[in-house]
Amino acid sequence: MKKLGRLICIPLCIILFTSQSSGQSLDNLKAINQTWEKFYKAFESLDYKLLQDIHAKELVRVSGGKRIVNYDTCMDNYKKSFERTQKKGTSNTISLRFFERVNNGSMASERGIYKLTRVESTGETKSYYGQFHVVLIKKDNIWKIVMDYDSNEGNTIGEEAYLRAHAIDAFDKFIQKQ
């Protein structure tokens, strides 16, 4: 009986260990990056509807460590901000670099530095930086943002911190080695 228990236990442990360790896969990171591509496109095209698509209705948004809002308020804020930006003739680009990307196939936590660059109608370019922490959940096979926190940490985040973090496609930095 003891021998049978070992015969069952060993394969079961291997199966459980393999399924947990393979959660942090290249496929998951690539799928999460599809959400980030829509995020980038929303800022470039000033289309808040793209942001609606990638955020869960249960969204909790904490901005600058000073405000906390729900999905409806967050989307309304993006809409108003993008409309003001369009009226001013300003364009945006945003990019993300990461120092942490953890997922298990159904949930993900991603932390890093963002760089938002605005080009004013005068041609003047200004970049803004901040640290972010986003939690995503997989809903209907699509990764959606359920928690989004960012802060410029008292204006201490800049180009140097941005460059120290890893590029969005530096997958090898985040895949767990088997």
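1. F98 is buried, with a relative accessible area of 0%, and W36 is buried too, at 1% (buried means under 20% relative accessible area, with a 1.4 Å probe and protein chains only). Keep in mind that this is a predicted model, where local features need pLDDT of at least 70, side-chain atom pairs count only at pLDDT 80 or more, and totals for chains, interfaces and linings use all residues. Residues are numbered from 1 along each chain as its sequence is written, and side-chain values use heavy atoms, with hydrogens and water left out.

2. On to the rings: the whole structure has nine aromatic pairs (Phe, Tyr or Trp rings, the six-membered one for Trp, with centres within 6.5 Å; planes under 30 degrees apart are stacked, over 60 edge-to-face, the rest tilted). W36 and F98 make a tilted pair, 6.3 Å centre to centre with 55° between the planes. That pair links distant parts of the chain, helix α2 and strand β3, 62 residues apart (helices are DSSP runs of H or I, at least four residues; strands are runs of E, at least two; both are numbered from the N terminus).

3. F39 and F43 also form a tilted pair, at 5.0 Å and 55°. They sit about one helical turn from each other because they are four residues apart in helix α2.

4. Ring pairs join W36, F39, F43, Y78, F82, F98 and F132 into a cluster.

5. Worth a look as well: R101 lies over the face of F98, 4.2 Å from the ring centre, and the charged end of R97 sits over the ring of Y162, at 5.6 Å from its centre (NZ of Lys or CZ of Arg within 6 Å of the ring centre and within 35 degrees of the ring normal).

Conventions: Buried < 20%, exposed > 50% of the residue type's maximum accessible area, 1.4 Å probe, protein only.
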